[in-house]
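I opened a new notebook page for this structure. My plan is to go through it part by part and write down what I find.

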Amino acid sequence: MTTANSRPPVDPDLQKLLDKGPSGLDTEDGVGAARERLAEMHNHDLPQQLQAVQTENRQIDGPGGPIPIRTYRADQAASGTLPLTMYFHGGGFCLGNLDSHNIQARTLAIGAAALIVSVDYRLAPEHPFPAGVEDVWAATQWAVKNATELGADATRLAVAGDSAGGNLAAVVAQMARDKGGPEIAFQLLFYPATMWDFTLPSMIENAHAPVLTVDDLNRFYSWYAGGVDITNPPARMAPGRATDLSGLPAAYIATAGHDPLRDDGLRYAEMLTDAGNDVQYHNAPTLTHAFLGFYDAVPAVTTTTDLGLAALRAALH
């Protein structure tokens with residue numbers, strides 16, 4: 001087991017960017033301040049190679065009112081039918097929107113050569129569990145039903161997400177299995193929050209990690225859970241707590257060495273494998289939580305992300 005003392009430090013290129021401006025989610029001053037901080041973190045120019053993407057904003061009917069979505073189609077795939085990938089953003093179930101995770105969605109559209117549907121699901125604490133789950137499930141059903149209009153092929157369907165979005169993608173994969181469809185071919189999970197287990201080694205080693213601390217994680221979980229006991233969450237809240245993990249889509253799970261959620265993703269990958277699923281797992285020892293937002297700005301991030309994108313592309317094409 002890699003220890004906090006023996007592991008490599010944070011990638012120097014990533015560290016330089018983290019040192020420049022707000023780099024932590026920092027929930028100590030409440031959810032409003034954390035949302036402002038996240039917006040500042042993502043207030044930078046769009047990389048040149050991610051600009052060649054067509055986007056369209058829409059609103060669809062949801063269980064709690066209209067759900068904003070945004071579709072992404074890379075310019076090189078401007079015509080023709082593309083595989084369909086649902087993307088759910090991170091932010092601890094409490095932060096983030098279509099704009100804050102625009103880079104991540106564009107990265108998926110180009111790297112996976114797929115039509116991406118990014119979902120602006122309801123956020124806690126104003127809308128605690130299960131509001132977010134209900135919204136991403138409703139959006140997935142809508143996208144499958146309307147795939148032809150979108151220029152997408154619903155028989156080649158994937159779910160993807162980072163952090164809280166990785167949690168929601170894993171939950172949707174389980175729900176699709178339990179409800180008899182839609183059939184999902186692949187799940188791409190970047191540093192997902194699946195286990196809700198604070199006893200994992202990385203929770204101790206990375207308790208005060210850059211970007212996300214254990215205290216932040218605890219607050220996010222509490223805000224999202226509402227009145228639910230976070231020490232014993234249901235599977236729709238913590239998909240790693242499901243009693244049956246068999247028969248799920250193939251998965252690619254990526255984690256970061258300097259992240260309290262590192263062993264959360266590792267444990268879920270191990271459990272999916274033990275249940276007979278096809279799983280690829282990769283840990284980037286020098287990266288931090290939320291590294292996906294630095295695609296094309298940090299070479300180590302680009303390399304790590306491209307591995308996941310290649311697995312998604314291979315599964316859908």
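Predicted model: local features only at pLDDT ≥ 70, side-chain atom pairs only at ≥ 80, totals over all residues.

**Entry 1: the sheet**

I started with the strands. Eight of them form an open sheet, and I noted the order as β1-β2-β4-β3-β5-β6-β7-β8. The pairing in this sheet is mixed. I then looked for the edges: β1 and β8 (279-288) are the edge strands, each pairing on one side only. From one strand to the next, the twist averages 20°.

**Entry 2**

Which way do β1 and β2 run relative to each other, parallel or antiparallel? I found them antiparallel, with β1 covering residues 53-60 and β2 covering residues 67-74. Eight bridges join the two strands. Six residues sit between the strands. In this hairpin, Gly65 takes a positive phi near 120°.

I moved across to β8. Its pairing with β7 (residues 250-258) is in the parallel sense. I counted seven bridges over this pairing. For an example, I took Ala251, whose bridge partner in β8 is Val279.

**Entry 2: helix α4**

I looked up α4, which spans residues 131-145 and has 15 residues. From its first C-alpha to its last, the helix reaches 21 Å. That is close to the 21 Å expected at 1.5 Å a residue.

Is α4 mostly covered or mostly open? It is mostly covered, as 11 of its 15 residues are buried. I listed some of the buried residues of α4, among them Val133, Asp135, Val136, Trp137 and Trp142. Ala131 and Gly132 are also buried.

**Entry 3: two cis peptide bonds**

Phe129 and Pro130 are joined by a cis peptide bond, with omega about 10°. Pro130 sits in the loop between β4 (115-119) and α4. I noted another cis bond from Gly181 to Pro182, where omega is near 5°. Pro182 also belongs to a loop, this one between α6 (164-178) and β6 (186-190).

I then looked at backbone angles. Asp26 is not a glycine, yet its phi is positive, at about 40°. I placed Asp26 in the loop between α1 and α2 (31-41). Tyr191 is not a glycine either, and has a positive phi of about 35°. Tyr191 lies in the loop between β6 and α7 (201-205).

What about Tyr191, buried or exposed? Tyr191 has a relative accessible area of 1%, so it is buried, the cut-off being under 20%.

**Entry 4: Asp19**

I stayed with accessibility for one further residue. Asp19 lies in helix α1 (residues 12-20). Its relative accessible area is 59%, so Asp19 is exposed; the cut-off here is over 50%. I also took a distance from Asp19 to Gly166. Their C-alpha atoms are separated by 26 Å, and the two residues are 147 apart along the chain.

**Entry 5: cavities**

Rolling a probe the size of a water molecule over the atoms shows where empty space is left. How many cavities of 30 Å³ or more are there? The count comes to two.

The largest cavity has a volume of about 90 Å³. I found 14 residues lining it, and Leu38, Gly91, His101, Asp162 and Ala290 lie nearest its centre. By type, its lining divides into five nonpolar, eight polar and one charged.

The second largest cavity has a volume of about 60 Å³. Its lining includes Leu25, Gly91, Phe93, Ser163, Ala193 and His289. Helix α8 (residues 214-225) gives the most to this lining, with three residues.

Definitions and conventions. Residues numbered from 1 in each chain as written. Heavy atoms only, no water. Helix = DSSP H or I, 4+ residues; strand = E, 2+ residues; numbered from the N terminus. Buried < 20%, exposed > 50% of the residue type's maximum accessible area, 1.4 Å probe, protein only. 1 Å grid on protein atoms, 1.4 Å probe; cavity = no way out; pocket = protein on both sides within 12 Å on 5 of 7 lines; lining within 4 Å. Points joined across faces, edges and corners; volume = space filled by probe spheres on them. Nonpolar A, V, L, I, M, F, W, Y, C, P; charged D, E, K, R; others polar. Expected span 1.5 Å × (residues − 1). Pairing = 2+ DSSP bridges. Axes fitted to C-alpha atoms, helices over the stretch in contact; angles between N-to-C directions.
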